[in-house]
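Visitor: I would like to learn how to read a structure feature by feature, with the general idea given before each case. Could you take me through one?

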Amino acid sequence: MATEQELSDFLKSVEKRAFKRSVYHVRNDEVALDIVQDSMMKLVEHYGHKPVAELPMLFQRILSNCTLDWFRRQKTRNALFSNMSDFESEDMDGDFDLLETLNTAESSNQSESAENQTERAQVLHEIEKEILELPARQREAFLMRYWEDLDVAETAAAMGCSEGSVKTHCSRAVQALSKALKAKGIRL
């Protein structure tokens, strides 16, 4: 059974990554924050009594379900209140960082030239744009496997699909990203 402190520490440790993952899906900071907060509340309310080791998988599944619920509500709302302004999406302001570790890398390497820093930021921006272009299931599998660092079984459980499907989604996402980045002259 997780103590209050363990539960709090867990939520603090997943907060930023969960937010970034949600932003990739819904492409709106405020909505992503709401989804993450709802997910955290549901975890605490319904699964706070579970052992700490089970919390990461439970949280990933809850976060996925809350995101899907939001999309369902949007679809219903748009069907009921179809108005051209409802279909306009807000542009992201560019402040969103693809890799949280970039700040760590930059701070540990202060001697890096401004040109290298700018080039790195541009490459990361291009990677971020291409991730946003992936189909939803590929993006979800890719982010869970390579951003959240979940293994295939954990990703399959969180996505509610087979391990083979996760492998397929990840493979297709990597191929699509590789092709798109090579077309832009980016070699990783």
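Predicted model: local features only at pLDDT ≥ 70, side-chain atom pairs only at ≥ 80, totals over all residues.

Visitor: Is Phe10 buried or exposed?

Guide: Burial is read from relative accessible area, where buried means under 20%, exposed means over 50% and partly exposed lies in between, with a 1.4 Å probe and protein chains only. Phe10 counts as buried because its relative accessibility is 10%. Over the protein chain of 188 residues, 36% count as buried.

Visitor: Which residues does Phe10 touch, if those up to four places away in sequence are not counted?

Guide: Contact means heavy atoms within 4.5 Å, and on that basis Phe10 touches Leu43, Leu55, Pro56 and Phe59. Leu55 is 45 residues from Phe10 in sequence, yet their C-alpha atoms are 7.8 Å apart in space. For the chain as a whole, among contacts between residues at least 6 apart in sequence, 69% join residues at least 24 apart.

Visitor: How should I read a nonpolar core, and which residues have the most contacts inside the largest one?

Guide: In soluble globular proteins, nonpolar side chains tend to be buried together. A nonpolar core is a set of buried Ala, Val, Leu, Ile, Met, Phe, Trp, Tyr and Cys residues joined through side-chain atoms within 4.5 Å. The largest such core here has 20 residues, and those with the most contacts inside it are Phe10, Ile35, Leu43 and Phe59. The elements giving two or more residues to this core are α1, α2 (29-47) and α3 (55-80), with α1 giving the most, seven residues. A second, separate core has 13 residues, including Leu124, Phe142, Ala173 and Leu181. To return to Phe59, leaving aside residues up to four places away in sequence, this residue touches Phe10, Val14, Ala18, Ser39, Met40 and Leu43.

Visitor: Where is the kink in helix α1 centred?

Guide: A bend at a residue is the angle between axes fitted to the seven residues ending there and the seven starting there. In α1 (residues 4-26) there is a kink of about 45°, centred on Glu15. Glu15 counts as partly exposed, because its relative accessibility is 42%. With residues up to four places away in sequence not counted, Glu15 touches Val36 and Met40, and its C-alpha is 8.9 Å from that of Gln37, which is 22 residues away in sequence.

Visitor: What backbone feature comes just after α1?

Guide: There, Arg27 takes a positive phi of about 60°, although Arg27 is not a glycine. Arg27 is found in the loop between α1 and α2, and counts as partly exposed because its relative accessible area is 36%.

Visitor: At what angle do helices α7 and α8 pack?

Guide: Axes are lines fitted to C-alpha atoms, for helices over the stretch in contact, and angles run from 0 to 180 degrees between N-to-C directions. Helix α7 (residues 152-159) and helix α8 (residues 163-183) pack at about 100°, with their axes 8 Å apart. That makes α7 roughly perpendicular to α8, since angles of 65 to 115 degrees are classed in this way, those under 35 as roughly parallel, those over 145 as roughly antiparallel and the rest as oblique. On the α7 side, Val152, Ala153, Thr155, Ala156 and Met159 meet Glu163, Val166, Lys167 and His169 in α8.

Visitor: How many helices and strands are in the protein chain?

Guide: The protein chain has eight helices and zero strands, and its pattern along the sequence reads α-α-α-α-α-α-α-α.

Notes: Residues numbered from 1 in each chain as written. Heavy atoms only, no water. Helix = DSSP H or I, 4+ residues; strand = E, 2+ residues; numbered from the N terminus.
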